[in-house]
Amino acid sequence: MSKIHQVVLIHPDAASKPVPGAPCNGCGVCCLLEPCPLGVVLSGRRRGACIAVRWHSEAHQYRCGALSAPADVLQNVLPRPLRRLASLLSPGLARLAKRWIAVGQGCDSMVESDGPVAASETSSTMRNDSPPKPI
Ligand code: SF4
Ligand code: SF4
């Protein structure tokens with residue numbers, strides 16, 4: 001299988017990506033590379049960082065904003081006339097996220113990290129051998 005190399009901007013305090021199947025440590029690599037099916041709907045694209053991923057500085061982890069900050073995510077994705085409904089709709093988005101994303105089931109990303117790039121402490125290169133996520 002051909003290797004695809006991508007460079008992603010990642011917080012310097014983020015943990016290294018664990019091996020697939022290990023407990024998720026919130027490294028953020030999966031969501032920063034490409035959105036999951038829910039993230040595709042929210043982000044309106046299939047490549048690049050998900051619009052919903054959020055860095056939590058107190059935990060030093062990336063988390064899914066659809067779960068941790070659904071009102072904030074909706075403020076960013078709803079058309080301007082509908083943004084006042086963000087608080088009303090946020091419990092529904094959080095419920096949807098609980099059903100759609102694999103929380104607590106371990107790392108399901110097959111991406112291999114080459115680690116930080118010397119020229120920039122905020123970048124990492126990733127080798128993505130996983131097939132495209134189903135939409
Ligand atoms: S699922 Fe894996 S790649 Fe995604 S945040 Fe968790 S540990 Fe990182
Ligand atoms: S888990 Fe959440 S933050 Fe990550 S790609 Fe899916 S919707 Fe986006």
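The largest nonpolar core of this predicted model comprises 20 residues, and Cys31, Leu32, Ala52, Val53 and Ala66 have the most contacts inside it. Such a core is a set of buried Ala, Val, Leu, Ile, Met, Phe, Trp, Tyr and Cys residues joined through C-beta atoms within 7 Å; a residue is buried if 20 or more other C-beta atoms, placed from the backbone, lie within 10 Å of its own. Two or more residues each come from helix 1 (29-33), strand 3 (61-64), helix 4 (70-77) and helix 5 (86-100), with helix 1 giving the largest share, 5 residues.

**Overall fold**
- The protein chain has 5 helices and 5 strands (DSSP runs of H or I, at least four residues, and of E, at least two, numbered from the N terminus).
- Along the sequence the pattern is β-α-α-β-β-α-α-α-β-β.
- Of the chain's 135 residues, 24% are buried.

**Packing**
- Leu32 touches Val8, Ile10, Ala49 and Val53, leaving aside residues up to four places away in sequence (contact: C-beta atoms, placed from the backbone, within 7 Å).
- Pro70, Val73 and Leu74 are buried in helix 4.
- The buried residues of helix 4 fall within an arc of 100 degrees seen down its axis, so they line one face of the helix.
- These buried residues pack against helix 2 (37-43), helix 3 (65-68) and helix 5.

**Ligand 1**
- Ligand 1 is surrounded by 13 residues, the closest being Cys24, Cys27, Cys30, Cys107 and Ser109 (C-beta atom, placed from the backbone, within 6 Å).

**Conventions**
- Residues are numbered from 1 along each chain as its sequence is written, while chains are lettered from A and ligands numbered from 1 in the order in which they are written.
- In this predicted model, local features need pLDDT of at least 70 and side-chain atom pairs count only at pLDDT 80 or more, whereas totals for chains, interfaces and linings use all residues.

Terms used
A residue is buried if 20 or more other C-beta atoms lie within 10 Å of its own, exposed if 12 or fewer, and partly exposed in between; C-beta atoms are placed from the backbone. Two residues are in contact if their C-beta atoms, placed from the backbone, lie within 7 Å. The arc is that of the directions from the helix axis to the C-beta atoms.
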